[in-house]
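Please keep the sequence and structure open while reading.

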Amino acid sequence: MTVKLFLEAMLKFILGIALVGVLIFLPAGTYSFFYGWLLMGILFIPMFFVGIVMMFKNPELLKSRLDAKEKQKDQGIVVKLSGLMFLIGFFVAGFGFRFNLYMLPKGVAIGASAVFLVAYILYAEVLRENTYLSRTIKVQENQKVIDTGLYGIVRHPMYSATLLLFLSIPIVLGSIYSFIIFLAYPFIIAKRIKGEEELLEKELEGYSEYKQKVKYRLIPFIW
């Protein structure tokens, strides 16, 4: 761990809280938005502790996770589409609360929170299994194919976890309209997976054989 990495991680964490807070509470027009605080809690409290563990156990992984700048044009578009989805989805959820559009019961939001936390546990397990994970698509020095654990079930378990995470977010926010917007995510991530696999087949030794061994990309028995 270095002071520079610690400061960079904390700065991005604080900016993330501020950005999500603005996107949720500004359109809601109030801080008295239970669904918004529920999401903030289940999103940032686990993120803080996972970040602390990575900082001490695997600072290189944390460093790679902080690097979000895509070098490939097609993947840059995917990242922008994801950002647009979040922007619109959060605003729709906030406006839905402000204007009392159809809001899901709190019990449903709490149930979705449980799904979110389970997905976050899966996400943390993927980080534990694969120390080569970065937020950008690239092959790192000495990188090897991981084919055990969750990687023995689907080829992209991190994206499987984020699928559960992201589709539960609008339900936590109590907005069925926001959920409809977030349904764009499976199509966005499918495009990302296609580009990622093309790169891995070219540059990562043994990946073609791994594809033959593990048939499903994202969801077992489906795709």
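Which residues does Phe 90 touch, not counting residues up to four places away in sequence? Phe 90 touches Val 20, Leu 23, Ile 24, Pro 27, Leu 39, Ile 169 and Leu 173, where contact means heavy atoms within 4.5 Å. This is a predicted model, in which local features need pLDDT of at least 70, side-chain atom pairs count only at pLDDT 80 or more, and totals for chains, interfaces and linings use all residues. Residues are numbered from 1 along each chain as its sequence is written, and side-chain values use heavy atoms, with hydrogens and water left out.

**Confidence**
- The mean pLDDT (the predictor's confidence in each residue, from 0 to 100) is 86 for the protein, and 90% of its residues reach 70 or more.
- Confidence is lowest in helix α3 (residues 59-66), with a mean of 74, and highest in helix α7 (residues 176-182), at 96.

**Nonpolar core**
- A nonpolar core is a set of buried (under 20% relative accessible area) Ala, Val, Leu, Ile, Met, Phe, Trp, Tyr and Cys residues joined through side-chain atoms within 4.5 Å.
- The largest has 60 residues, and Ile 24, Leu 39, Phe 90 and Ile 169 have the most contacts inside it.
- Helix α2 gives the most to this core, with 10 residues.

**Helix α6**
- Helices are DSSP runs of H or I with at least four residues, numbered from the N terminus.
- Of the 16 residues of α6, 14 are buried.
- Just after α6, Gly 174 takes a positive phi of about 75°.

**Val 79**
- Val 79 lies in helix α4 (residues 73-98).
- Its C-alpha atom is separated by 28 Å from that of Thr 148, 69 residues apart along the chain.

Key:
Buried < 20%, exposed > 50% of the residue type's maximum accessible area, 1.4 Å probe, protein only. Helix = DSSP H or I, 4+ residues; strand = E, 2+ residues; numbered from the N terminus.
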